[in-house]
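Dear colleague,

I am handing over the structure we spoke about, with some notes on what was found in it. Please look through it alongside the text below.

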Amino acid sequence: MLTGRSLIEPLNFTIEEMDGLFSLAERIEEDGAYLRDSCRGKLLATLFFEPSTRTRLSFEAAMLRLGGSCLGFAEPSSSSAAKGESLADTIKTVSCYADAIVMRNPKEGAALLASRVSPVPVINAGDGGHHHPTQTLTDLLTIRRLRGNRREAGGIGGLTVGFCGDLKFGRTVHSLAKALVRHEKIAMVFISPAELRAPEYITRQLEKEHVEFTETGNLEEVIGDLDVLYMTRVQRERFFNEEDYIRLKDIYVLDREKMKNAKQDLIVLHPLPRVNEIAPEVDADPRAAYFKQARYGMYVRMALLSSILGAAPGAVPDGKAAPGGFSPPGGKGAASC
Ligand code: CP
């Protein structure tokens with residue numbers, strides 16, 4: 001049961017709970033009227049301390065499509081954070097107004113802190129180079145829809161997934177790799193320059209869980225082995241010096257030539273935004289799935305919001321505490337306002 005629950009990192013929900021969200025998202029995709037007004041009267045706060053197009057707008061689109069409303073800010077300079085207000089005070093205040101909070105913040109751990117002081121559910125929309133769990137829901141739903149096997153829990157398994165680019169700072173890579181570990185017979189290929197390798201805490205976990213993985217610097221050498229190629233941007237905003245960024249930023253460019261060596265049923269994903277790492281000529285290739293992926297992001301966020309707000313089928317009615325979660329305003333947590 002997801003009613004009242006926060007989502008801070010990709011393993012907060014069980015594989016069965018994620019499977020339920022994917023089934024709900026698929027139902028919403030098939031039937032545009034399904035759950036259309038289920039969140040009428042509910043308010044979602046979107047607090048973005050860093051830039052965003054997809055995450056913020058897809059959450060807002062999701063909430064509006066469910067009949068609810070949104071409020072918030074798209075940059076910290078327009079909030080009282082600019083006057084020195086602490087994150088905890090901002091969250092305690094916003095939770096007096098909203099039924100759920102979606103937050104992006106450059107500090108790793110900021111979403112966890114927010115969830116600890118908030119009486120309403122908090123959804124992590126990216127905390128620094130750490131995690132981005134709703135991008136993971138988006139990625140898993142896209143893989144399931146385009147390459148998956150819906151008969152098994154989670155709907156994927158047996159695939160070879162390549163991650164290419166900035167694997168050090170790319171939070172979407174960290175979150176997806178962590179979530180894929182729970183699926184049967186997944187193999188991972190990490191493609192990056194030495195300076196941007198996946199963090200040790202990720203590779204150590206793969207070793208511990210006996211997940212097959214390799215690391216290489218050469219995309220051309222491995223592209224033919226992959227079922228999913230997850231391209232990523234070099235994260236300029238997380239570099240300590242501009243020279244290193246300039247040296248590394250165009251190290252991988254996926255183009256039509258490289259795609260000739262890929263499987264015919266490969267899918268190319270990218271959390272977006274892209275800079276130069278996928279040539280626009282690849283967009284016309286039927287294997288390019290990154291704009292479909294952006295659309296799946298909205299469906300799965302509709303499924304998530306309707307579930308945590310108690311509006312999805314089988315959810316706990318408003319005001320009743322869910323196991324391991326928080327109560328929405330009007331419920332138990334409202335007393336803190
Ligand atoms: N994928 C993603 O997080 O995109 P935005 O930065 O545009 O939200």
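In this predicted model, helix 5 and helix 11, the latter spanning residues 290–308, pack with their axes 8 Å apart and at an angle of about 115°. Because angles of 65 to 115 degrees count as roughly perpendicular, the two helices, helix 5 and helix 11, are described in that way, and their crossing is right-handed. On the side of helix 5, the contact is made by Thr134, Gln135, Leu137, Thr138, Asp139, Leu141, Thr142, Arg145 and Leu146, and on the side of helix 11 by Lys292, Gln293, Tyr296, Gly297, Val300, Arg301 and Leu304. By class, the residues of this contact are six nonpolar, six polar and four charged.

Helix 5 (residues 133–147) also packs with helix 6 (residues 171–180), here at an angle of about 60° and with the axes 9 Å apart, so that helix 5 and helix 6 are oblique to each other. Helix 5 passes helix 6 in a right-handed crossing, and the contact involves Pro133, Gln135, Thr136, Asp139 and Leu140 of helix 5 together with Thr172, Ser175, Leu176, Ala179 and Leu180 of helix 6. This contact of helix 5 with helix 6 has five nonpolar, four polar and one charged residues.

A separate point concerns Glu50, which lies in the loop between strand 1 (43–48) and helix 2 (54–65). Glu50 has a relative accessible area of 12% and is therefore buried, and its side chain is joined to that of Arg171 by a polar contact of 3.4 Å. Setting aside neighbours within four places in sequence, Glu50 is in contact with Ala74, Arg104, Asn105, Pro106, Arg171 and Arg238.

Definitions and conventions: Residues are numbered from 1 along each chain as its sequence is written. This is a predicted model: local features need pLDDT of at least 70, side-chain atom pairs count only at pLDDT 80 or more; totals for chains, interfaces and linings use all residues. Side-chain values use heavy atoms; hydrogens and water are left out. Helices (H or I, at least four residues) and strands (E, at least two) are DSSP runs, numbered from the N terminus. Buried means under 20% relative accessible area, exposed over 50%, partly exposed in between (1.4 Å probe, protein chains only). A polar contact is a pair of N or O atoms within 3.5 Å; within protein, one must be able to donate a hydrogen and the other to accept it, and residues adjacent in sequence count only if both atoms are side-chain atoms. Contact means heavy atoms within 4.5 Å. Axes are lines fitted to C-alpha atoms, for helices over the stretch in contact, and angles run from 0 to 180 degrees between N-to-C directions. Angles under 35 degrees count as roughly parallel, over 145 as roughly antiparallel, 65 to 115 as roughly perpendicular and the rest as oblique. A crossing is left-handed if the near helix is turned anticlockwise from the far one by less than a right angle, and right-handed if clockwise. Ala, Val, Leu, Ile, Met, Phe, Trp, Tyr, Cys and Pro count as nonpolar, Asp, Glu, Lys and Arg as charged, and the others, Gly among them, as polar.
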